[in-house]
Amino acid sequence: MTTTERLGAGRYLDAGARPDATRTSLHELTTADGATVRGVLATVPGATTVVCLMHPRQDLTHHPLVPVLLQAGVAVWTQHTRSVNNDLVLVHEQALLDVAAGLVLLRERFASVVTLGHSGGGPLYAFYLEQAGLPPADRIATTPGGRPTGLADAVLPGVDGVVFLAPHPGQGRLLLGCIDPSVADEADPLSVVPGLDPYDPANGFAEPPRSSSYDAAFLDRYRAAQRARVARIDAVARLHLARAAEARATAKRTGSAADRRRALAPRIMVVPRTDADPRTVDLSIDPSERPYGSLFGRRPDLINYGQVGFGRVTTPEAWLSTWSGLSSHADFVRCAPGVTAPTLFLELTGDQAAFPADSRRMVDALGAADLTHRTVRGLHFGAAIAEGEPTGNALAGQEIAAWLGERFATVPPG
């Protein structure tokens with residue numbers, strides 16, 4: 001099988017060349033709770049505006065928009081969270097402290113700071129800005145798993161502008177839409193409830209690449225069953241956390257090494273089959289210019305049974321904070337009223353993570369008085385929809401550069 005024939009081919013794009021005048025520096029930062037995170041600052045001579053790119057789980061150092069933004073005459077900050085490339089213990093409330101550490105540095109160096117949230121970076125920044133805009137005493141005090149957040153005691157700088165590029169509704173909301181509710185037994189990844197199986201022709205599935213066709217009654221049952229499955233997993237996660245808390249209390253009382261081991265022993269949750277959103281194979285549901293298939297590739301009916309997928313291996317704390325669409329605070333629509341800085345929302349017409357109805361809800365919820373909503377043709381990660389067309393990243397870059405130039409100082413390199 002060639003590279004272009006792989007199920008997930010086309011997900012990542014090469015970045016273009018940066019201006020010759022670009023200067024790049026690496027920065028190691030300490031968060032308010034003592035974690036170490038790293039960021040890369042790329043700048044061009046005279047830049048007084050910086051655009052920040054972050055994602056809760058991924059390294060965006062070589063994001064394809066970095067050279068585009070530098071050419072537009074702004075500096076670019078790309079930063080890791082403490083959970084980069086390993087989201088096993090990703091707690092979104094901690095990631096907000098990671099965001100803050102970078103913004104503290106940038107506030108000291110630049111006149112204007114703009115966040116750019118692509119994909120999962122969108123709900124991350126929406127969550128951050130919502131919390132940063134609150135009085136410290138009103139910020140979320142504990143994670144969904146009960147851990148103190150420390151947000152009330154942290155410095156959370158504000159920003160001057162916000163860009164959202166193909167943001168999805170939040171890791172938890174995204175998973176709520178694509179988790180397979182037909183899993184009959186969480187310990188058996190092949191177990192199936194036939195009446196809920198999205199990849200059974202009896203329920204409307206068609207052999208790819210033909211579009212499937214699910215009726216409204218099936219979809220209603222399916223969506224209700226997805227919520228029920230997430231609720232069951234939430235209950236398991238909370239039970240694990242309660243037992244760990246009990247063990248910690250016992251160890252504190254007894255001082256016993258055996259009790260301490262019981263308190264420290266991790267609970268790792270494996271969540272099978274999380275690539276089963278009917279919208280990825282039935283293109284008549286919330287229609288758009290998206291191609292057949294999911295974010296992970298062109299055969300979700302196969303990928304769903306493999307190792308790849310959202311929230312597949314996680315801890316109870318990370319599940320509740322990040323992956324549970326019922327418990328996570330990092331829900332774009334919930335947070336969006338707190339986003340009040342001038343905002344550009346860019347929707348991609350072929351998006352396979354944020355569908356048109358999702359984008360409408362997100363835009364409608366934003367609190368910015370200066371709000372620009374644009375739609376450009378492209379796929380979720382910025383590829384072109386059809387061969388020979390401009391990429392979604394190229395089109396988005398033009399929109400972002402124009403929007404920045406109207407509101408902030410830019411110094412395009414000569």
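## What "buried" means here

A residue counts as buried when its relative accessible area is under 20%. Keep that cut-off in mind as you look around this model, which is a predicted one.

Phe-332 has a relative accessible area of 0%, so Phe-332 is buried. Phe-345 also comes out at 0%, which means that Phe-345 is buried too.

## How the rings meet

A pair of aromatic rings is described by the distance of the centres and the angle of the planes. The model has 9 aromatic pairs. One of them joins Phe-332 and Phe-345: the ring centres are 6.3 Å apart and the planes sit at 90°, making the pair edge-to-face.

Now hop over to helix H4 (residues 171-178) and helix H8 (residues 316-323). Their axes come within 7 Å and cross at roughly 90°. An angle of 65 to 115 degrees counts as roughly perpendicular, so that's the label for H4 and H8.

Which residues make the contact? On the H4 side they are Gln-171, Gly-172 and Leu-175, and on the H8 side Trp-319, Thr-322 and Trp-323. Sorted by class, the contact has 3 nonpolar and 3 polar residues, with no charged ones.

Technical notes. Residues numbered from 1 in each chain as written. Predicted model: local features only at pLDDT ≥ 70, side-chain atom pairs only at ≥ 80, totals over all residues. Heavy atoms only, no water. Axes fitted to C-alpha atoms, helices over the stretch in contact; angles between N-to-C directions. Helix = DSSP H or I, 4+ residues; strand = E, 2+ residues; numbered from the N terminus. Parallel < 35°, antiparallel > 145°, perpendicular 65-115°, else oblique. Contact = heavy atoms within 4.5 Å. Nonpolar A, V, L, I, M, F, W, Y, C, P; charged D, E, K, R; others polar. Phe/Tyr/Trp six-rings, centres within 6.5 Å; stacked < 30°, edge-to-face > 60°. Buried < 20%, exposed > 50% of the residue type's maximum accessible area, 1.4 Å probe, protein only.
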